[in-house]
Amino acid sequence: MSRYFTDEHEWIDVEGEIATVGITDYAQEQLGDIVFVELPAEGTAFEKGDDAAVVESVKAASDVYAPISGEVVETNSALEDEPALVNSDAEEDGWFFKLRVIDASELEGLMNEAAYKKFVASL
Amino acid sequence: MSGNDDIAHIEEELPLQNLPLDGWHRARGARMVGFAGYHMPIQYEGIMAEHVWTREHAGLFDVSHMGQLGFSGEGVDDALEILLPSDIKGLKPFRQRYSMLLDEEGGILDDLMVSRLGDGAFGGADIYMVVNGATKYDDMGWMIEHLPDEVVMNHMDEQALLALQGPEAGEALATLIPETADLIFMQSGLFTWRGVPLWISRSGYTGEDGFEISVPAADAALLADALCALPQVKPIGLGARDSLRLEAGLPLYGHDLTPAVSTIGADLGFAIQKRRREEGGFIGHARVMKELADGPGSKRVGLRIQGRLPAREGAPIFAGGARVGEVTSGGFAPTVGAPIAMGWVSLPHSAIGAALEIEVRGKRIAAEVAQMPFVPHRYRRKA
């Protein structure tokens, strides 16, 4: 399994043709207390860059983009009852949705963990 | 991912200034954002935790961005009764009132606190006013334009302003200044702490018991340190101040109140005492009287929202197919444990219990007009 990162602070785990997407620990830290996560419906098809989900913190709403193109095959229903999972475990249990990958070449421009860490340090 | 923090975007094109406690906040790990032209602490450990702390203990807020004004001179009461719809002549020494500046059409230019000082108690002024930070320079311009030459307005920009809020605020402040224990809600006085003169009023904008403390900028960090050394007190950011005041049903200028709206619709008629309604003589009086007689076209209301999805400022409000209003501030209410909002709706849909819908990202969510405050006020009133 490989993990990729975007400069919009999403992480993507790719296993076979399925990609699991969430926001990074850095992102949740910036957002503060998360009170609601709006997830896409299963079966929704995204182009890379489409609005895919919305994270509501106490103060504000933030969009989460589809980091790659694909079709939603599963969403994390645990977030409905416990949106704060994104704060406590952003990069594991706080995942958002799984996509069936259409074009694996879209992953090529993304960062690995070391590159993302360096990117965050530069912010 | 992209965020749009509604506090952060304001006046981003202007260079932000530093307030007296800027370094103090940064040293305590505050996340700073631009607000009302200044770098301001939005949060320390997290809005939710800071909100809960204030409701249970005492939170220290830096509100030094707000404008502190002193008025003195012959005829100051008469002059201010033209600018403000409230009873100034009947304001006793060391008492405070909530009031507002109205324009010629009765629209709200700002909301504010006005107090009468005891003789020369604080900077030699007769009347002390605290106005909103984002509007203070416009307010000053408006007032200078409408004040007679005999009345002098002093912008007390050498003073910082701290707010200590929460059920343990009284006990905390009394450990530093025992005499403050005698103050009741909307009462103020001059106190001395380690030789530093402090103008303290028992008031605030969280719905909790608490104080606003005007302190010389040079002594502000020392006082903030002394307060935060107390076990009841933690520094709290603007984020929690906003969620606290929303739960308390208190309107926020620039959001719930604007020049487009008037006092009666805003449910702020209590700020216009009987004599002033009858006698008039203040700017904007005609609109106030008309709305008292005919009712306002729309009203500021509280909204309880079903489910967990917060409705934010700008979200349209519907009754069936008809758009009847708009959310003016909204968010998740930590004490209530649910999203709440404040908004303006047309009069026929403004009754408590009215069933409405709010549109959030194309989805309609159910909401009901609710009694405010959402969380009961706990002011310390006369026994």
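**A helix under cover, an interface and some salt bridges**

Helix α7 of chain B, spanning residues 238–247, is mostly covered, with 10 of its 10 residues buried. Here "buried" means under 20% relative accessible area, "exposed" means over 50%, and "partly exposed" is anything in between (1.4 Å probe, protein chains only). Helices (H or I, at least four residues) and strands (E, at least two) are DSSP runs, numbered from the N terminus. The buried set includes charged-looking names such as Arg241(B), Asp242(B), Arg245(B) and Glu247(B), along with Leu238(B), Leu244(B) and Leu246(B). Following α7(B) comes Gly249(B), with a positive phi near 75°.

This is a predicted model, in which local features need pLDDT of at least 70 and side-chain atom pairs count only at pLDDT 80 or more, while totals for chains, interfaces and linings use all residues; side-chain values use heavy atoms, with hydrogens and water left out. Residues are numbered from 1 along each chain as its sequence is written, and chains are lettered from A and ligands numbered from 1 in the order in which they are written.

Next, the place where the two chains meet. Chain A gives 24 residues to the contact and chain B gives 22, contact being heavy atoms within 4.5 Å. Together the chains bury about 2,100 Å², 49% of it on carbon and sulfur atoms. Buried area is the accessible area (1.4 Å probe) that two parts lose on being put together, summed over both. On the chain A side, Val35(A), Val58(A) and Lys59(A) lose the most area to chain B, together making up 33% of what that side buries.

Polar pairs turn up here too: 11 residue pairs, both at pLDDT 80 or more, are in polar contact across the interface of chain A and chain B. A polar contact is a pair of N or O atoms within 3.5 Å; within protein, one must be able to donate a hydrogen and the other to accept it, and residues adjacent in sequence count only if both atoms are side-chain atoms. The elements of chain A that give two or more residues to this side are α1 (25–31), β4 (34–38), β6 (51–57) and β7 (61–65). Of these, β7(A) supplies the largest share, 5 residues. Sorted by class, the chain A side has 12 nonpolar, 3 polar and 9 charged residues. In that sorting, Ala, Val, Leu, Ile, Met, Phe, Trp, Tyr, Cys and Pro count as nonpolar, Asp, Glu, Lys and Arg as charged, and the others, Gly among them, as polar.

There are also 4 salt bridges between chain A and chain B, a salt bridge being a side-chain nitrogen of Lys or Arg within 4 Å of a carboxyl oxygen of Asp or Glu. Glu38(A) pairs this way with Lys363(B), their closest N and O atoms 3.5 Å apart.

Over all chains, the structure holds 31 salt bridges. One of them joins Arg28(B) and Asp225(B), at 2.5 Å from N to O. This pair ties together distant parts of the chain, 197 residues apart: Arg28(B) sits in the loop between α1 (22–27) and β2 (31–35) of chain B, and Asp225(B) in helix α6 (residues 220–228). Arg28(B) is partly exposed at 35% relative accessibility, and Asp225(B) is partly exposed at 33%.

Asp87(B) and Arg275(B) form another salt bridge, with the closest N and O atoms 2.7 Å apart. These two are 188 residues apart, with Asp87(B) in the loop between α3 (76–83) and β6 (96–102) of chain B and Arg275(B) in helix α8 (residues 274–279). Asp87(B) is buried at 13%, whereas Arg275(B) is partly exposed at 24%.

For a local pair, take Asp294(B) and Lys290(B), whose side chains meet at 3.4 Å, N to O. They are separated by about one helical turn because they lie 4 residues apart in helix α9 (residues 285–294) of chain B. Asp294(B) is exposed at 55%, and so is Lys290(B) at 53%.

Finally, a couple of backbone details. Met372(B) and Pro373(B) are joined by a cis peptide bond, with omega about 0°, and Pro373(B) lies in the segment after β20 (363–370) of chain B. Arg194(B), a residue other than glycine, has a positive phi near 50°, and is exposed at 61%.
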